[in-house]
Amino acid sequence: MAPSRKKHAKGRPCIIPGGFTVLSLQFDSDSVSQHKLYIKEHRVRAEKSSKRPFNRTLFVLNIPPYCSEAVIKELFSQFGDIQSVELRDHPGSSNESEPKVSKFFKPVSKQGFKVGYIVFKNSSSVAAAKSHSQDEPLVVSTEERPVRTGVQKWIHQYTESFIQPEKLQKIVDSFMSDYDKRKEEEAERQRKEAEQQQEDEEGWVKVTRAQKGTKARPHSEAANQKALQKEMRKKKRKELLNFYTWQHKNTQKEHIAELRKKFEEDKQRIALLRAQRKFRPY
């Protein structure tokens, strides 16, 4: 976005179409050329994240590759105390739900111009940044805070790419401890759900009184699966008996025949006992 050709009075901010204010950026005090930043107060209705409050967030465009988050924080700290700085490849909503990953496991970021979101602690800092004059450039590299570029930057990045085993081990131990803690919490939650949904042999559910203010939770997936398996076992045990009329008649005939057979066997047993009886009183 090219700045407007309209002449502005010296000492006043340069505002271009779209509501952006132009800030001049100079790499060091000896540099002749200047870079342009375009800033604007961040006001997006769809932004529901608490990381970017409306009245304290500054949106910055055209940030050069040599400006890191630390450099941007140092440059804009002259307008007020800064709460956070976020640099992105493209404008977009913040993702608070993304888990924090160690820098050793993050993919290499693209080297190019970026957009930034600067959150100040006070809303007056946003107004101070927007009222800054274009004729007073922001100096990136000074004697107090030098910024590496070119070969020095490549050497520094190459040196930083080597991971110390002790440092990496601490990061891994910290990650694993957090992972074990999350697993224990998940197991404890599942155990409590299993206790609440525990069923006895007759199929009754033990109902306990929850704490005041807690919402009633539905049956867990494990309890539903257990009830389904129980019903399937009942269906397997239950046979389809006497489904047809002829099956019912055959069952009755077999039952009567079984009773007659037992009756004849009992008669023979009684006759045998009488024949074997030795005491004859008459």
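A salt bridge is a side-chain nitrogen of Lys or Arg within 4 Å of a carboxyl oxygen of Asp or Glu. The model discussed here is predicted. A search of the whole structure finds nine salt bridges, and Glu41, Arg43 and Lys130 are linked in a network of such bridges.

- Glutamate 41 belongs to strand β3, which covers residues 35-41.
- The side chains of glutamate 41 and arginine 43 are joined by a polar contact of 3.2 Å.
- Beyond its neighbours within four places in sequence, glutamate 41 is in contact with Phe54, Asn55, Thr57, Leu58, Val126 and Lys130.

**Salt bridges between parts apart in sequence**

- Glutamate 74 and arginine 145 form a salt bridge, in which the closest N and O atoms are 3.9 Å apart.
- This pair links distant parts of the chain, 71 residues apart: glutamate 74 is in helix α1, and arginine 145 is in the loop between β7 (138-139) and α3 (150-160).
- Glutamate 74 counts as partly exposed at 40% relative accessibility, and arginine 145 is partly exposed with a relative accessible area of 28%.
- Lysine 114 and aspartate 89 meet through their side chains in a salt bridge of 2.6 Å, N to O.
- Because lysine 114 lies in strand β6 (residues 114-120) and aspartate 89 in the loop between β5 (82-88) and β6, the pair ties together parts that are 25 residues apart in sequence.
- Lysine 114 counts as buried at 17% relative accessibility, whereas aspartate 89 is partly exposed with a relative accessible area of 34%.

- Arginine 269 forms a salt bridge with aspartate 266, and the closest N and O atoms are 2.8 Å apart.
- The two residues, arginine 269 and aspartate 266, are separated by about one helical turn because they are three residues apart in helix α6 (residues 245-276).
- Arginine 269 is partly exposed, with a relative accessible area of 47%; aspartate 266 is also partly exposed, with a value of 35%.

**Arginine 52**

- Arginine 52 is placed in the loop between β3 and β4.
- With a relative accessible area of 2%, arginine 52 is buried.
- A polar contact of 3.0 Å joins its side chain to that of glutamate 86.

**Tyrosine 66**

- Tyrosine 66 is situated in the loop between β4 (57-63) and α1 (69-76).
- Its relative accessibility is 25%, so tyrosine 66 counts as partly exposed.
- Tyrosine 66 and phenylalanine 113 are 47 residues apart in sequence, and their C-alpha atoms are 9.0 Å apart in space.

**Asparagine 62**

- Most residues other than glycine have a negative phi.
- Asparagine 62, a residue other than glycine, has a positive phi near 70°.
- Asparagine 62 is located in strand β4 and is partly exposed, with a relative accessible area of 26%.

**Cysteines and disulfides**

- A disulfide is a covalent bond between the sulfur atoms of two cysteines.
- Zero disulfides are found in a search of the whole structure.
- Cysteine 14 counts as buried at 2% relative accessibility, and cysteine 67 is buried with a relative accessible area of 4%.

Conventions:
Residues are numbered from 1 along each chain as its sequence is written. This is a predicted model: local features need pLDDT of at least 70, side-chain atom pairs count only at pLDDT 80 or more; totals for chains, interfaces and linings use all residues. Side-chain values use heavy atoms; hydrogens and water are left out. A disulfide is a pair of cysteine sulfur atoms within 2.5 Å. Buried means under 20% relative accessible area, exposed over 50%, partly exposed in between (1.4 Å probe, protein chains only). Helices (H or I, at least four residues) and strands (E, at least two) are DSSP runs, numbered from the N terminus. A polar contact is a pair of N or O atoms within 3.5 Å; within protein, one must be able to donate a hydrogen and the other to accept it, and residues adjacent in sequence count only if both atoms are side-chain atoms. Contact means heavy atoms within 4.5 Å.
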